[in-house]
Amino acid sequence: MIKVRIQLQGEGSAAAINSNPLSVAKTIIAEDGITGLYRGLSAGILRQLTYGMTRLGIFQGLSEKFKPEGKTAADLPLSTKLGCSICAGGIGALVGTPADAALVRMQADSTLPLEQRRGYKNGLDAMIRMASEEGITGFFSGATPTILRGLAINIGMLTTYSNYKKMMAPYFGYDSQTNRFVCGALSGWTAATVSLPFDFVKTRLQKQRPDANGKLPYAGVADCIGKVMAQEGLFAFYKGYGTYCIRITPHIMLTWVFMDNVKAFLKSNNLM
């Protein structure tokens, strides 16, 4: 919620923005109460159930299929890791686009004038209305930047974790819990850093709505990038960097720790 608020500030101008997450959170609480910080929670859960499970499932399946015989996923060539990441990220992002668009719209709603607010009841209601009111185009609003973001975050996350584990193994032990947490955090930070510009463009495109003449502020990804660079500068794409890292890094870290522990449990019990 805080990340979206920061990204939507200063749209169309180079005006100064409030990028302090604590200050932004204070403003949200003052305007909407503590529940304002959790606006779009139902859509966020739907997004994780669709996008998150799809991309990780596909990546793990492909990694197991292509890993060298008798070795681990850490021994996969970089080109193979990239291929698996791109495939998993692209498919997962496409599957998760409707829920992701619903999340951004619900979080951006309170920044709009009352007469322009969509007033979605929850994530499911948002997706149903998007499909019924806007058709397939509205249902998959922002699909292109969502897929680009998915590819970037997957490459940053999925191609680095096993390499970080291998690099840190002399210090912490390859399969120790410490190594899993440290390398999971590094993997999450890498993913956040490479994917934020795509996330920024995705947020701007999914939030937009036509003016009185039916014209949208941005015609597409390239138009959005060009207008933001011209009007707000290059660093606008990294608005909310700290907040985004705080959001993405722990999520990816815990995902890797959970997956590693589940795999270790299944192997120790001859279940895989």
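The structure is a predicted model, in which local features need pLDDT of at least 70 and side-chain atom pairs count only at pLDDT 80 or more, while totals for chains, interfaces and linings use all residues. Residues are numbered from 1 along each chain as its sequence is written, and side-chain values use heavy atoms, with hydrogens and water left out.

Arg47 belongs to helix α3 (residues 41-66), where helices are DSSP runs of H or I with at least four residues, numbered from the N terminus. Setting aside residues up to four places away in sequence, Arg47 touches Gly52, Ala99, Asp100, Leu103, Arg149 and Arg247, a contact being heavy atoms within 4.5 Å.

**Salt bridges**

Side chains of opposite charge can pair when their charged atoms come close. With a salt bridge taken as a side-chain nitrogen of Lys or Arg within 4 Å of a carboxyl oxygen of Asp or Glu, a search of the whole structure finds 18 of them.

| Pair | N to O distance |
|---|---|
| Glu31 and Arg5 | 3.7 Å |
| Asp175 and Lys165 | 2.9 Å |
| Arg204 and Glu232 | 2.9 Å |

In the salt bridge between Arg204 and Glu232, Arg204 lies in helix α8 and Glu232 in helix α9 (residues 221-232), so the pair ties together parts that are 28 residues apart in sequence. Both Arg204 and Glu232 are buried. Salt bridges that share partners also join Lys3, Arg47, Asp100, Arg149, Asp199 and Lys202 into one network.

The side chains of Glu31 and Arg5 also meet in a salt bridge; Glu31 is in helix α2 (residues 21-32) and Arg5 in helix α1 (residues 2-8), so this pair connects parts 26 residues apart in sequence. Glu31 counts as exposed at 51% relative accessibility, whereas Arg5, at 10%, counts as buried.

In the salt bridge of Asp175 with Lys165, Asp175 sits in the loop between α7 and α8 and Lys165 in helix α7, ten residues apart. Asp175 is partly exposed, with a relative accessible area of 45%, while Lys165 is buried at 4%. Leaving aside neighbours within four places in sequence, Lys165 is in contact with Tyr174, Asp175, Asn179, Cys183 and Asp260. The C-alpha atoms of Lys165 and Gly184, 19 residues apart along the chain, are separated by 8.5 Å.

**Helices α7 and α8**

The axes of helix α7 (residues 161-172) and helix α8 (residues 177-207) come within 9 Å and cross at roughly 140 degrees. That angle makes α7 oblique to α8, given that angles under 35 degrees count as roughly parallel, over 145 as roughly antiparallel, 65 to 115 as roughly perpendicular and the rest as oblique. Axes are lines fitted to C-alpha atoms, for helices over the stretch in contact, and angles run from 0 to 180 degrees between N-to-C directions.

On the α7 side, Tyr161, Tyr164, Lys165, Met168, Ala169 and Phe172 meet residues of α8 that include Asn179, Cys183, Gly184 and Thr190. By class, this contact of α7 with α8 has eight nonpolar, five polar and two charged residues, where Ala, Val, Leu, Ile, Met, Phe, Trp, Tyr, Cys and Pro count as nonpolar, Asp, Glu, Lys and Arg as charged, and the others, Gly among them, as polar.

Conventions. Helix = DSSP H or I, 4+ residues; strand = E, 2+ residues; numbered from the N terminus. Buried < 20%, exposed > 50% of the residue type's maximum accessible area, 1.4 Å probe, protein only.
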